[in-house]
Amino acid sequence: MEIYSLAERPELVDAFLSIKGDWPEFMLHDPTSDRAYESAVAGFPELHLVVMDGDVAAARLHAVPFAGAVEALPPRGWDHALQRAEWLLASGETPDLRTISLIEARVALSHRGHGLSGRLLQEARQRYAALGCRDLVAPVRPTRKSLEPGSDAMEYAHRVREDGLPADPWLRVHVRLGGRVVGVAPLSMVIPGTLAQWRQWTGLPFDTDGPVEVEGGLTPVHVDVAGGHAVYVEPNVWMHHDLR
Ligand SMILES: CC(C)(COP(=O)(O)OP(=O)(O)OC[C@H]1O[C@@H](n2cnc3c(N)ncnc32)[C@H](O)[C@@H]1OP(=O)(O)O)[C@@H](O)C(=O)NCCC(=O)NCCS
């Protein structure tokens, strides 16, 4: 398998975008991602990596230039990083690559469970360091948190196994490669919808006020029946890789 950036192989952009995910439907309706995800792919091709297994796209990594102190990372995590990338592209400013934020790693369903995510992340660390990056940050979506949406996000982020590594498998991949849990981005992704939209996205009735657990959600959705809307506020885990 070979790893390329989209700056090296611009013709692989369709292969990059073609990798299917298994996000729950509601996750595909984050207004910030809808606007900014694909424009960041086109705008910062040197930060977007694709793993090719022959002619098949096996995995991809999405990242954007970032700015901000590592010890004061913003509560709006993913949405903040994408919004900033959108602003940077609109302004025409030359990106400062001393700090980069990962947005998403995605391994094709056919290639999961073989350690590809770690290989990709390691490659990203090396390539970004070569571009001048000193701090690689990431609003990480911990993959197993959806199994316990009621648990506290901060406690989950810092939960470790007996060997001291994170209990969550995706956080563990980061930490093994030198990442460090900085804290929680409590408002990383905010997905509002009408009750009709939420019913369509989840198949649930959305007919009572309060928290409702939905499949794949890291936390419950907040429902306001009289107001006719519901909002999902996803916490992510801010991770830092010191690339100096
Ligand atoms: C998260 C993801 C990138 C991991 O990619 P992968 O290459 O299949 O994962 P790996 O084979 O490298 O395994 C990573 C760790 O997860 C563990 N793992 C893999 N699948 C698992 C599962 N279904 N349940 C529990 N642990 C699992 C592995 O054992 C490994 O941990 P270990 O090294 O301590 O044993 C991939 O599952 C994916 O694309 N998911 C959808 C998108 C996503 O959630 N991205 C991350 C947030 S942006």
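Visitor: Which side chain has an N or O atom 3.0 Å from an oxygen atom of the ligand?

Guide: A polar contact is a pair of N or O atoms within 3.5 Å; within protein, one must be able to donate a hydrogen and the other to accept it, and residues adjacent in sequence count only if both atoms are side-chain atoms. Here the side chain of Arg 176 places an N or O atom 3.0 Å from a ligand oxygen. The side chain of Arg 112 has such an atom 3.5 Å from a ligand oxygen. Gly 113 uses its backbone: an N or O atom there is 2.8 Å from an oxygen of the ligand. Alone, the ligand exposes 930 Å², and the protein buries 71% of that (Shrake-Rupley areas, 1.4 Å probe; for residues, only the protein chains shown count as cover).

Guide: A caution on the source. This is a predicted model: local features need pLDDT of at least 70, side-chain atom pairs count only at pLDDT 80 or more, and totals for chains, interfaces and linings use all residues. Residues are numbered from 1 along each chain as its sequence is written, and side-chain values use heavy atoms, leaving out hydrogens and water.

Visitor: Which residues around the ligand come nearest?

Guide: A residue is near if one of its heavy atoms lies within 4 Å. The shell has 20 residues, and Val 107, Gly 113, Gly 115, Ser 117 and Arg 172 come nearest. By class there are 7 nonpolar, 5 polar and 8 charged (Ala, Val, Leu, Ile, Met, Phe, Trp, Tyr, Cys and Pro are nonpolar; Asp, Glu, Lys and Arg are charged; the others, Gly among them, are polar).

Visitor: Which element gives the most to that shell?

Guide: Helices (H or I, at least four residues) and strands (E, at least two) are DSSP runs, numbered from the N terminus. Helix 6 gives the most, with 5 residues. Strand 4 (99-107), helix 4 (116-130) and helix 6 (169-176) each supply at least two.

Visitor: What space does the ligand take?

Guide: Rolling a probe the size of a water molecule over the atoms shows where empty space is left. On a 1 Å grid over the protein atoms alone, a cavity is a set of points where a 1.4 Å probe fits but cannot get out; a pocket is an open set with protein on both sides within 12 Å along at least five of seven lines; lining residues have an atom within 4 Å of a point. A molecule sits in one if more than half of its atoms lie within 2 Å of its grid points. The ligand takes the largest pocket, with a volume of about 1300 Å³ (the space filled by probe spheres set on the points, which are joined across faces, edges and corners). Strand 4 gives the most to its lining, with 6 residues.

Visitor: How many cavities of 30 Å³ or more are there?

Guide: The search finds 1. The largest cavity has a volume of about 50 Å³. Its lining has 7 nonpolar, 1 polar and 1 charged residues. Strand 9 gives the most to that lining, with 3 residues.
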